[in-house]
Number of protein chains: 2
Amino acid sequence: MSDPILHDPRSDVPPLVVVLSGPSGVGKTALANRLLASDAALERSVSATTRPPRAGEIDGNDYFFWPEDRFTEGVAGGLFLEWAKVHGHRYGTLKATIENRLAGGKSPVLNIDVQGGRSVKLLRPDAVLIFILPPSYEVLERRLRGRGTDPDPVIARRLRNAKGEIEHWIDYDYLVVNDTLDEAVGRVRAILTAERSRVVRFRS
Amino acid sequence: MSDPILHDPRSDVPPLVVVLSGPSGVGKTALANRLLASDAALERSVSATTRPPRAGEIDGNDYFFWPEDRFTEGVAGGLFLEWAKVHGHRYGTLKATIENRLAGGKSPVLNIDVQGGRSVKLLRPDAVLIFILPPSYEVLERRLRGRGTDPDPVIARRLRNAKGEIEHWIDYDYLVVNDTLDEAVGRVRAILTAERSRVVRFRS
């Protein structure tokens with residue numbers, strides 16, 4: 001477009017691919033839920049996984065629960081935007097899931113492992129990659145214990161992994177500290193508002 | 001830094017150089033005043049100009065009022081970050097003004113002509129360039145008439161210039177429509193929050 005007044009940058013902006021990552025226990029799920037509840041343009045991306053369902057989880061809603069051989073075939077067939085092995089199970093985002101959201105005018109929100117950001121950025125440089133940090137390692141440990149879902153050896157392993165996970169921040173576009181959830185949600189919402197105002201998104 | 005948790009991305013972010021531009025009458029001054037009042041980290045950049053002072057304007061506060069020959073020497077001596085001739089007068093931002101603000105930990109806010117953005121970006125690629133748009137040309141005309149400071153021929157000239165000015169949007173980083181001032185201020189504040197969260201600003 002040559003004259004942006006003929007369009008309206010507040011409504012004509014194309015949907016965004018939004019990636020949230022961070023170490024286990026940092027509060028990504030609570031943050032994603034609050035974001036999704038507050039912005040009708042956002043829609044959750046459902047991942048595929050080889051992990052068995054937990055109590056109450058529904059196939060196609062929480063995850064697509066795929067057996068190992070199907071996941072392996074999907075990887076070989078180039079069906080995944082990103083995938084990673086985490087704590088012994090594979091998790092991945094299907095390209096079709098993202099295309100589907102975008103075609104409906106929705107901005108898919110990917111809550112994915114820290115290894116995933118770089119892969120998404122390679123295939124979709126226009127994606128918005130947000131890395132969520134805990135305010136300290138002490139707070140991260142407290143949150144992992146507070147969930148009450150994992151036995152001690154699992155918590156110890158998650159904490160050992162956290163330092164390595166946090167090194168992936170460098171592959172992301174934005175850093176947000178999740179100290180209080182309200183403040184973190186506000187910052188992520190500001191990032192989305194800013195990204196929707198970027199000139200590069202109107203230069204097509 | 002290798003581990004961002006050792007720093008705090010909410011407080012350790014370096015100051016930003018913030019540029020606001022847009023066609024005459026779009027409401028840049030009101031927007032800048034609201035921004036400056038709402039964020040103690042921001043500080044207004046005072047421009048130099050060859051325009052004579054209007055009633056009530058104070059040298060060094062509203063502008064540095066420089067005679068033509070001094071401005072010409074300043075340009076030749078490389079003192080300016082940007083300068084432009086607008087409606088027959090020259091206006092410019094002194095590099096020293098910006099360095100001074102940054103050295104004090106403040107983010108200078110430059111309310112400058114649409115020609116200035118590209119010059120600033122060349123010398124300071126880390127600057128945040130925001131282009132303010134009116135919702136329509138009709139609204140722009142109404143605002144120019146509403147100020148009551150300019151005679152009709154001046155308003156007519158400003159309106160003719162507006163289309164040419166708006167073409168400079170492509171040199172900027174962000175587009176913000178100033179429909180209601182509250183919404184526009186909110187969007188600019190979101191942009192500053194996002195820019196302060198960008199990973200590139202922590203990779204030094």
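Reader: Leaving aside neighbours within four places in sequence, with which residues is Pro15(A) in contact?

Author: Two residues are in contact if their C-beta atoms, placed from the backbone, lie within 7 Å. Beyond its neighbours within four places in sequence, Pro15(A) is in contact with Ala41(A), Leu102(A), Gly105(A), Lys106(A) and Ser107(A). Pro15(A) belongs to the segment before β1 of chain A. Please note that this is a predicted model, in which local features need pLDDT of at least 70, side-chain atom pairs count only at pLDDT 80 or more, and totals for chains, interfaces and linings use all residues. Residues are numbered from 1 along each chain as its sequence is written, while chains are lettered from A and ligands numbered from 1 in the order in which they are written.

Reader: Is Pro15(A) buried, exposed or partly exposed?

Author: A residue is buried if 20 or more other C-beta atoms lie within 10 Å of its own, exposed if 12 or fewer, and partly exposed in between; these C-beta atoms, too, are placed from the backbone. Pro15(A) is partly exposed because 17 other C-beta atoms lie within 10 Å. As for a separation along the chain, the C-alpha atoms of Pro15(A) and Val46(A) are 17 Å apart, and the two residues are 31 residues apart in sequence.

Reader: In what order do the strands of the open sheet in chain A stand?

Author: Helices (H or I, at least four residues) and strands (E, at least two) are DSSP runs, numbered from the N terminus. Two strands pair if DSSP finds at least two bridges between them. In chain A, 5 strands with parallel pairing form an open sheet in the order β2-β7-β1-β8-β9. Its edge strands are β2 (42-44) and β9 (174-177) of chain A, each of which pairs on one side only. On average, neighbouring strands of this sheet are turned by 25° against each other, direction ignored. Axes are lines fitted to C-alpha atoms, for helices over the stretch in contact, and angles run from 0 to 180 degrees between N-to-C directions.

Reader: How many bridges join β2(A) to β7 of chain A?

Author: The two strands pair in the parallel sense over 3 bridges, with β7 spanning residues 107-111. Arg44(A) has Val109(A) in β7(A) as its bridge partner. Helix α7 (residues 181-196) of chain A packs on the sheet and touches β1 (18-21), β8 (128-133) and β9 of chain A; the direction of α7 makes about 160° with that of β9(A).

Reader: At what angle do α7(A) and α7(B) pack?

Author: They pack at an angle of about 110°, with their axes 8 Å apart. The angle makes α7(A) roughly perpendicular to α7(B). The residues of this contact divide into 6 nonpolar, 2 polar and 2 charged.

Reader: How many residues does each chain give to the contact between chains A and B?

Author: The contact takes 29 residues from chain A and 29 residues from chain B. On the side of chain B that touches chain A, α7(B) gives the most, with 5 residues. That side has 19 nonpolar, 3 polar and 7 charged residues.

Reader: Which residues of β9(B) lie on each of its faces?

Author: In a regular strand the side chains alternate between the two faces of the sheet. Tyr174(B) and Val176(B) lie on one side of β9(B), Leu175(B) and Val177(B) on the other, and all are buried. Strand β8 (residues 128-133) of chain B pairs with β9(B) in the parallel sense over 4 bridges, and Leu133(B) has Val177(B) as its bridge partner.

Technical notes. Nonpolar A, V, L, I, M, F, W, Y, C, P; charged D, E, K, R; others polar. Parallel < 35°, antiparallel > 145°, perpendicular 65-115°, else oblique.
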